[in-house]
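This report describes a metal site and a helix contact.

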Amino acid sequence: MDRYEEYKKLLKTMMSEYRYRHSLGVADEARKLAERYGADVEKATVAGLLHDIMKDQPPKVQLQTIEDSGIILTPVEQASQKLWHAIAGAGYVRMKLGIRDPEIFDAILYHTTGRDGMSRLEKVLYVADYTSCDRQYEGVEHMRELAKISLEDAMREGLRFTIQELSGLERTIHPNTIFAYNELVCDKL
Ligand code: DGI
Ligand code: FE
Ligand code: FE
Ligand code: FE
């Protein structure tokens with residue numbers, strides 16, 4: 001069995017059918033974007049497959065995985081349960097799957113918030129999460145068009161969308177999300 005098949009088998013035991021299909025969709029999209037924009041195709045596929053590995057795990061398990069990985073949460077992260085799966089996922093992949101590649105770790109870690117100074121691989125995963133074939137939100141076609149033209153344009157649109165949604169709901173916005181957004185809208189930064 002190849003590496004991808006082993007990961008898929010594991011994913012099936014850890015998540016819903018819906019989330020599993022999303023994971024396959026993001027892996028496929030990340031592979032295509034990596035080919036288009038010159039990121040490492042294998043790393044993009046692995047990061048895409050595994051990025052939401054902790055998403056369907058109970059919050060307690062996510063927190064425990066974060067703790068076991070030696071990662072300390074900031075107050076904003078502690079208060080934002082939706083962010084835990086990305087941090088726990090990065091920890092799990094390093095600790096339990098023995099994937100030591102720091103680029104894959106960072107891509108998974110920052111796939112929800114983004115950050116400033118993102119690598120090509122990080123951007124590829126961030127955008128793939130928005131444009132994968134299973135996504136159905138209003139405006140997804142526009143995002144897919146943008147992703148064909150420019151990774152940065154698609155990132156900016158995704159960040160704008162997230163910030164708008166979160167501020168509309170009066171949810172916390174992670175500082176990394178703001179840093180990523182500012183960097184993309186202002187080339188003086
Ligand atoms: O895991 P997915 O659903 O595939 O996508 P994701 O990892 O981007 O998670 C999206 C969720 O995370 C969505 O409900 C909004 C939330 N989120 C994204 N950025 C932030 C955030 N929540 C907070 N509190 N702060 C953020 O900056
Ligand atoms: Fe996610
Ligand atoms: Fe996302
Ligand atoms: Fe996802």
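## Iron ion (ligand 2)

Along the chain, the donors of the iron ion (ligand 2) follow the spacing D-x32-H-x25-H. In this predicted model, the protein donors in question are Asp 52 (OD), His 85 (NE2) and His 111 (NE2), which lie 2.1 to 2.2 Å from the ion.

## Neighbouring iron ions

The iron ion (ligand 4) is coordinated at 2.2 to 2.3 Å by His 22 (NE2), His 51 (NE2), Asp 52 (OD) and Asp 129 (OD), and its donors follow the spacing H-x28-H-D-x76-D along the chain. Asp 52 bridges this ion and the iron ion (ligand 2), the two lying 3.5 Å apart, and His 51, like Asp 52, is buried.

A distance of 5.4 Å separates the iron ion (ligand 2) from the iron ion (ligand 3).

## Packing of α3 and α8

The axes of α3 and α8 are 10 Å apart, and the helices pack at an angle of about 45 degrees, which makes α3 oblique to α8. The crossing in which α3 passes α8 is right-handed.

On the α3 side, Lys 43, Ala 44, Ala 47 and Gly 48 meet Leu 121, Val 124 and Leu 125 of α8. By class, this contact of α3 with α8 has five nonpolar residues, one polar and one charged.

Technical notes
Residues are numbered from 1 along each chain as its sequence is written. Chains are lettered from A and ligands numbered from 1 in the order in which they are written. This is a predicted model: local features need pLDDT of at least 70, side-chain atom pairs count only at pLDDT 80 or more; totals for chains, interfaces and linings use all residues. Side-chain values use heavy atoms; hydrogens and water are left out. Donors are N, O and S atoms within 2.8 Å of the metal (3.2 Å for Na, K and Ca); water is not among the atoms, so sites may look incomplete. Buried means under 20% relative accessible area, exposed over 50%, partly exposed in between (1.4 Å probe, protein chains only). Axes are lines fitted to C-alpha atoms, for helices over the stretch in contact, and angles run from 0 to 180 degrees between N-to-C directions. Helices (H or I, at least four residues) and strands (E, at least two) are DSSP runs, numbered from the N terminus. Angles under 35 degrees count as roughly parallel, over 145 as roughly antiparallel, 65 to 115 as roughly perpendicular and the rest as oblique. A crossing is left-handed if the near helix is turned anticlockwise from the far one by less than a right angle, and right-handed if clockwise. Contact means heavy atoms within 4.5 Å. Ala, Val, Leu, Ile, Met, Phe, Trp, Tyr, Cys and Pro count as nonpolar, Asp, Glu, Lys and Arg as charged, and the others, Gly among them, as polar.
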